[in-house]
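Here are my notes on the model, jotted down as numbered points. Have it open while you read.

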Amino acid sequence: MKRDRTLLVLISALVVLLAIGPILPQWAVSFVSVVLYLGIVVLGMALLMRTGLVSFGQGLYYCLGAYAAGATPELIELVDGFARGLSQPHWAPVRLVLNAFTGALKLVQTPFGPSDLLTMVMAGALLAVVVAAVLGLLLARYRGIFFAMLSLAFSMILYGLLVRTSELGSTDGFGLSVKSFAGIALSTHWARDAIYAFSAVTAFACAIALHRYLNSYRGRLASAIRDNELRVEYMGASVRSLIHLNYVISAALAGIGGALMAATIGHVDPETTANWTTSGDFVFITILSGTGNVAAPFLGAGIFEAVRTFALEYVPNTWQMTLGITMLLVIMFLPDGLWSMFVRRRRSA
Amino acid sequence: MFVIAVGLTLIYGVMKILNVAHGSMYALGAYTASTFAGYWLAHGHAPYASYAVLVAAAVLVGLVAGPVIERGLLRFMYGRDEVVLVLITYAVFLILEDVTKLVFGVDPILVAEPYGMLGNFQIGDLVYPVYSLVLVVVAVLAGVALALALNHTRQGKILRAVIHDREMSMALGINVSRVYFVTFTIGAMLAALGGALTAPTTSVQLGIGAEVIVLAFAIVVIGGLGSLSGAALGALIVGLVRSAAVHYRPEVELFSVYMVMALVLIVRPKGLFAAAEARKI
Amino acid sequence: MPSRTSFPGRYAAAALLCALATCVLAQDTKPIRIGFVTFLSGPAAGPFGMPAKWAAEAIVESLNAGNVPAPYAVRGFGGRPLELTVVDEAGGATKQVSEFRNLVERARVDYVVGYISSGDCLAVAPVAEEMQKLTVLFDCGTPRIFEEASYKYVFRTRPHATMDAVGAALYLLETRPSVRSFGGINPNYAWGQDSWSDFTAAMSVLQPDAKTTTSQMPKFGAGQYGAEISALLASGSEVIHSSLWGGDLEAFMLQAAPRALFAKSQLVLVAGEPYLRALGGIIPDGTVVGARGTHGVFAPNSALNTWLRDIYRAKSGGANPSYPAYDAALAFLGLKAAYERAKIAKLAASIPMGANKGVKEAMEAAYGSGPSQEEVVAAFEHLSFDSPSGRMSMQLGKGHQAASGTAYGTTKVVNGRVTVTNIRYYPPERVQPPDGVSSAEWIKSGMKPAK
Amino acid sequence: MTAVLEARDLNKSFGAVTAAAQINVQIEQDSVVGLIGSNGAGKTTFINLVTGYLTPTSGRVLYLGREITGLNPRRITQLGICRSFQIPQLFNSLSVSENLAVGVGIAARSTRRDASDGGQPAQVEQLIERFNLRGYAGQLAGQLPEGVRKLLDIAMAVAGRPKVLLLDEPTSGVSAEEKFRLMDMVMGALTAEGVTVLFVEHDMEIVGRYTHRVLAFYEGRIIADGDPATVLNDGEVRRYVIGMQNQHKEAAGAAH
């Protein structure tokens with residue numbers, strides 16, 4: 001019955017968002033869009049946290065998503081070139097994988113062309129999933145602070161690489177613009193609304209999907225792993241493979257979020273994606289939201305973004321401080337995140 | 001760098017807190033030290049005493065900031081999840097960033113005298129300032145002192161006991177809260193000292209805290225969280241790798257450290273010097 | 001249609017116009033709100049953000065007081081006072097885009113002036129265009145902005161960074177033709193990378209047989225350069241090019257000085273000028289320094305220049321304005337010039353030539369509303385205006401990008417104070433590509449003087 | 001009579017300490033075997049070796065004649081050897097029925113039987129009934145009293161549909177009067193399933209009542225092996241195992 005309520009909440013939220021979209025002032029529209037893509041990323045973080053893991057490097061996939069969205073053709077170039085580089089026979093398997101990957105990218109790109117919103121998001125998710133699938137092999141062995149640190153390291157390596165790649169604009173990054181959606185050409189003005197609507201729908205879809213997943217056998221197993229890996233192994237299930245799976249899912253979500261970010265903002269750069277401070281923000285929002293419910297991440301993202309914007313506008317000299325204090329207050333008084341407030345109220349009611 | 005890392009690893013070892021605010025301690029140390037030293041020299045006091053001023057500033061920061069944070073905030077948080085604790089210190093870090101800005105302003109502070117005063121020495125055809133040598137010596141001394149303290153004084157033994165097994169030492173009636181308090185203060189002091197001693201060699205500007213903390217994390221993780229010798233080795237490795245990168249592959253310098261960290265973790269999942277804890281079932 | 005008015009009529013009209021102009025411009029109505037975006041936190045706040053902020057505030061106050069030397073004597077913009085909303089640029093391009101929207105739609109500013117980081121400029125420009133809000137980029141340097149796209153509502157009143165590298169190369173080779181080897185230490189982000197690649201490109205054109213020894217790219221804000229300095233020492237370069245700035249530059253100089261790096265190699269500090277005072281006693285004689293334009297010590301001796309120096313000193317407590325301050329001045333004076341040009345044009349348009357009757361209505365018409373944004377934009381394009389840094393002309397980027405000459409000099413310590421001697425000026429066409437040519441191309445193709 | 005489980009020359013040493021020395025034993029289908037011995041005698045080590053938590057220094061473990069030495073716990077569990085723990089290993093943030101559901105779910109998947117969620121709720125109900133956890137079904141495992149935790153721990157082992165079940169001190173931490181009820185319940189549930197059971201136990205009454213066969217451990221060796229009566233009366237056993245037990249008892253008694 002809890003499931004029903006969540007479903008209800010989400011659906012009504014979606015309806016409301018789509019309904020008020022046209023009448024919202026632009027800044028509000030972009031604000032909501034930001035909240036939506038942040039929320040999607042945090043959904044993934046929440047899943048990891050359910051499994052007992054916290055990633056300090058989720059920016060990695062956020063960044064990959066954004067860059068894939070902005071530069072799918074360049075990406076294909078890059079990887080193809082790299083694959084060609086590995087000419088020796090013993091690299092054959094690697095080359096095979098890479099080709100398969102670029103093949104997939106091209107496939108994604110063909111129907112609507114590179115600067116199409118759908119292409120962007122799919123490319124973003126795809127790249128993130130592929131990379132996560134590989135790194136996951138390694139990361140699934142790690143727990144706690146070491147998982148966090150290793151993921152951080154990977155994200156920072158990507159950061160370093162991007163800063164070195166002047167083809168991708170180095171630290172300045174590069175701009176991009178959404179020209180069409182599913183092949184339908186969009187004017188600049190319509191593009192914004194399209195992105196907004198699409199973000200809302202995507203966020204909704206991700207939330208529902210994750211909600212179902214969490215209430216499935218595997219979802220329960222995730223909590224079981226967090227509680228007691230040993231017992232899970234002793235009941236005949238593979239902890240590592242489930243962690244790997246969940247890691248890939250969270251990466252996919254981060255990738256989608258990143259792609260939507262690129263589309264919404266119209267600009268990507270390493271500093272605001274792959275750098276550890278961004279991953280830190282994600283961790284913060286996750287703690288802020290709590291893992292209680294799939295709607296929580298969006299709530300958390302909303303509050304986080306609101307605090308940051310207003311702090312930046314009204315106390316430009318001490319916005320970091322404001323953010324820090326908010327953080328402390330939440331951690332102190334809402335240990336299980338904002339969602340716990342609602343739960344408690346329901347209990348008392 | 002080593003001094004800072006030691007402080008970090010000490011705090012982690014004892015309190016199981018990966019302390020992001022450590023970076024702010026470093027920054028505060030640097031700012032306070034350079035401000036004091038600047039003032040000292042500006043008023044024409046004995047220039048050589050400025051070293052004492054630097055250290056004094058560090059101790060001051062440690063003694064003020066450390067207790068405030070530990071008593072005022074952290075002690076309410078013990079027993080929370082490690083990651084939450086990291087976040088708490090991150091929050092403190094953010095707050096202190098702005099505090100530093102409000103107190104010391106945004107202009108880089110440049111107090112170079114202590115750096116130049118000692119003259120230089122030559123190795124091959126490369127010239128080094130004596131001051132860097134001093135830094136090395138201080139680092140080594142700090143390390144040795146700490147090691148001795150840990151191994152040969154009663155408090156040190158208590159500390160090690162807590163590092164080894166918190167519950168047990170509580171059961172044995174060790175006042176863990178007090179141990180935490182002392183540890184955090186010492187840790188803060190070390191960080192501030194690191195900052196204070198680095199201050200003269202560079203220009204103290206906003207954001208140095210963030211710079212340092214990430215590097216320190218890398219070092220500590222490479223060495224194995226909570227291990228002093230690990231921190232030493234980690235600092236050494238990071239230093240060597242960076243300069244090697246600078247000399248041979250400047251373009252990878254930016255992330256060489258993380259490369260190393262990743263590699264080390266891949267080979268030794270818990271860092272180089274980490275004690276594996278067995279689990280009774 | 002050709003006017004057939006009589007001489008006296010025309011004369012009268014002209015006279016009247018002037019009269020109108022002054023009195024209308026003096027007219028005081030509701031304030032013009034300007035959003036000013038600059039670094040208030042982070043490492044860029046000290047050397048750039050705050051100087052720019054102080055300058056902006058000082059300039060606005062002075063403009064509102066109406067005590068700016070000619071041709072800017074009119075109070076505010078065309079008589080309307082200015083109101084400043086300052087926003088922190090920290091937080092990266094992504095956040096700045098949202099902040100820009102807030103600034104325009106919540107704070108409802110009339111114009112936006114700002115952005116120091118090239119990344120932020122690149123990110124914000126398209127949004128400004130989309131939202132059709134006149135935006136003046138005041139300090140960022142990357143040529144990409146108008147070379148990769150063209151905008152209607154985006155202007156940049158400072159010349160772009162190409163001239164820094166080209167000017168450095170020109171000056172170096174004029175003062176030291178014998179250079180055969182040079183290395184570099186540049187911050188590892190777009191500005192440093194571009195600056196280095198442009199410089200090497202220019203050198204390879206002007207001095208093909210000079211070889212590059214090493215290119216050090218320390219992390220931005222690293223603060224420790226021991227290893228890099230050793231590498232530079234080992235490289236044995238005659239010249240070392242550096243676009244480091246702020247605390248990084250100070251730290252580098254500080255650590256390099258005792259290690260006798262400067263005894264071995266001559267320094268070229270592209271952005272060195274603002275730090276001469278801080279680096280007194282460290283910076284060696286014979287260091288080539290630039291100010292990214294004819295700013296600071298390179299600024300011409302003019303009433304405007306003294307004006308800026310005075311108000312800035314008053315604001316910042318004695319410090320001399322560095323180039324971010326000059327850039328701020330460029331932005332505000334440029335905008336003012338455009339605004340008033342538009343206003344006069346509008347006024348002229350609204351006066352039926354030769355008819356003394358109806359003038360009253362015309363004046364009424366002109367009195368109320370200032371020029372529309374569109375009119376200001378039109379007036380801004382290809383505008384030339386005076387500034388503390390000399391005369392600026394918006395001749396690049398289809399009339400949206402300022403071009404100016406630049407200057408370099410050599411440091412010399414004269415009784416304890418660092419001074420800049422042997423200053424050489426380079427006209428715009430020698431250090432900047434003609435409109436429509438990308439900087440990289442232009443340098444490679446031998447830097448043919450524009451036009 | 002085929003041996004369902006067999007250990008051959010099993011050795012395990014941690015540095016200087018020998019936890020298992022030359023253990024040779026065959027366990028027949030459907031038997032109930034008690035493992036006795038003072039603390040540190042090697043009972044739990046034996047279980048850990050069989051279930052793959054530890055890998056033997058030397059020697060082999062066979063299950064239905066098949067080599068399982070060095071397989072990891074997951075594989076071994078999937079083959080049908082389940083265990084319970086001296087310290088209950090539960091999913092504390094899940095309710096009792098969720099705990100069991102996870103167990104049943106895993107079993108259903110690993111042994112390719114009715115992988116659909118179909119039959120599982122029924123099985124969970126069944127387990128709750130058998131181990132009469134009805135009263136606790138909705139509670140979080142983390143908040144259960146120790147006795148119930150023990151019970152749930154065993155129930156989860158059973159949820160894996162074992163052919164062989166190893167119980168590590170099923171009655172430890174359970175009050176004296178509870179013990180028999182618990183064992184009745186467990187044994188009832190298991191014999192119904194037709195499971196071979198090995199359990200570690202200190203209480204000789206329980207050993208005497210429920211086992212067909214007893215293995216007495218001392219310093220990693222099996223010093224006696226046979227039907228309860230003989231083993232429990234064996235001189236060595238009395239000296240090294242039961243004697244100590246009694247001392248324990250007296251000590252405990254004195255303390256009370």
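1. A definition to begin with: a crossing is left-handed if the near helix is turned anticlockwise from the far one by less than a right angle, and right-handed if clockwise. Helices (H or I, at least four residues) and strands (E, at least two) are DSSP runs, numbered from the N terminus.

2. Housekeeping: this is a predicted model, with local features needing pLDDT of at least 70, side-chain atom pairs counting only at pLDDT 80 or more, and totals for chains, interfaces and linings using all residues. Residues are numbered from 1 along each chain as its sequence is written, while chains are lettered from A and ligands numbered from 1 in the order in which they are written.

3. In chain C, the crossing of helix 3 and helix 4 is right-handed. Helix 3 (residues 92–105) of chain C packs against helix 4 (residues 118–131) of chain C at about 35°, their axes 9 Å apart; axes are lines fitted to C-alpha atoms over the stretch in contact, and angles run from 0 to 180 degrees between N-to-C directions.

4. Now the interface: 33 residues of chain C are in contact (C-beta atoms, placed from the backbone, within 7 Å) with 30 residues of chain B. On the chain C side, helix 2 (45–65), strand 7 (211–216), helix 8 (226–235) and helix 9 (246–256) each supply at least two residues.

Terms used
Contact = placed C-beta atoms within 7 Å.
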